[in-house]
Every structure is written in C-alpha cells, then in structure tokens.
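Good morning, everyone. Please have a look at the model on the screen before I start.

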Amino acid sequence: MVFLLLFLVQVPANAHHSYAKYYTDSEMITISGVVTRFDFRNPHVFIYLNVVDTNGTSSVFAVESLSASVLRRQGWSKESFQVGESITVSGPPARKSTTALFGRIFVKADGEQIVVIPSGR
C-alpha cells in the first residue's frame with residue numbers, strides 16, 4: 001500500500017517538464033501560419049500551425065504555451081484561436097526540433113497582439 005501511494009505521488013511530479021530542458025532563451029524566432037489545431041487544456045496549451053517557407057514547403061509547427069488555467073487568468077479561452085485563422089507567433093525555439101517553439105507573443109491577422117506573461121519565471 002505504501003509503495004502504491006509513493007508511486008501515485010511520484011508520477012505527477014515526473015510528468016511536468018522543465019522549460020529550460022526543451023527551449024532556449026538565447027534567441028527568439030517568429031513564424032506565421034494557419035491554425036490547424038488549438039488544444040486549450042492542461043498541463044500546457046498547444047497551437048499547431050501550418051507554416052509555408054520561402055521555398056513553398058509546408059511544415060506543421062507545434063507552439064507550446066503555459067497551462068490553460070494560467071492563460072485563462074490572462075484572458076484566454078478555448079475560442080482565443082480558430083482553426084483556419086492566420087497568426088504570427090514569436091518565442092524561443094525548441095532545443096531539439098526545428099518545428100517547435102514556446103509561444104510568447106501572438107499576433108492575429110487583425111493586428112491584435114496577445115502577450116503571454118510567464119508565471120514563476
């Protein structure tokens with residue numbers, strides 16, 4: 001019984017990852033694309049964008065952000081972004097992927113800018 005309790009307590013602690021392990025703050029990149037999926041849920045919100053480069057090659061970028069509960073307090077909702085909507089995102093790139101970043105600044109087609117305010121960093 002004690003082993004099971006320790007296991008259940010340990011799993012959530014290991015499930016949450018360190019920001020610094022996955023993203024670098026030494027640079028910021030900016031991408032523009034069309035929202036293909038918006039996952040507004042905990043533990044982290046993800047927005048997937050279809051991005052076309054200057055050669056016409058299409059790639060799907062995964063844009064991670066803070067938790068839904070933190071972003072909700074910053075005014076976000078599950079309606080903040082719509083599939084098919086064009087947006088521009090800036091943030092630090094992933095350390096091990098060329099198609100992932102941590103979204104910090106989001107700009108909608110109408111010019112509305114949404115800045116993510118980091119919590120606890």
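First, the ground rules. This is a predicted model, where local features need pLDDT of at least 70 and side-chain atom pairs count only at pLDDT 80 or more, while totals for chains, interfaces and linings use all residues. Residues are numbered from 1 along each chain as its sequence is written, and side-chain values use heavy atoms, with hydrogens and water left out.

Now the core. A nonpolar core is a set of buried Ala, Val, Leu, Ile, Met, Phe, Trp, Tyr and Cys residues joined through side-chain atoms within 4.5 Å. Buried means under 20% relative accessible area, exposed means over 50%, and partly exposed is in between, using a 1.4 Å probe and protein chains only. Which residues touch the most other members of the largest nonpolar core? They are Ile47, Leu49, Trp76 and Phe106, out of 26 residues. Strand 1, strand 2, strand 3 (58–64), helix 3 (68–73), strand 4 (86–91) and strand 5 (100–102) each give two or more residues to this core. Helices (H or I, at least four residues) and strands (E, at least two) are DSSP runs, numbered from the N terminus. In soluble globular proteins, nonpolar side chains tend to be buried together.

Next, strand 6, residues 105–108. In a regular strand the side chains alternate between the two faces of the sheet. Here, Phe106 and Lys108 point to one face and are buried.

What does strand 6 pair with? Strand 4 is one partner, antiparallel, over 4 bridges. Strand 7, residues 113–115, is another, also antiparallel, over 3 bridges. Two strands pair if DSSP finds at least two bridges between them. Val107 is the bridge partner of Thr88, and Val107 also stands opposite Gln113 in strand 7. The hairpin of strands 6 and 7 has 4 residues between the strands, and there Gly111 takes a positive phi near 95 degrees.

Now Ser90, in strand 4. Ser90 counts as buried because its relative accessibility is 14%. Its side chain makes a polar contact of 2.7 Å with the side chain of Thr30. A polar contact is a pair of N or O atoms within 3.5 Å; within protein, one must be able to donate a hydrogen and the other to accept it, and residues adjacent in sequence count only if both atoms are side-chain atoms.

Last, His44. His44 sits in the loop between strand 1 (29–39) and strand 2 (46–52). Is His44 buried or exposed? It is buried, at 15% relative accessible area. Its side chain makes a polar contact with the side chain of Glu64, at 3.3 Å.
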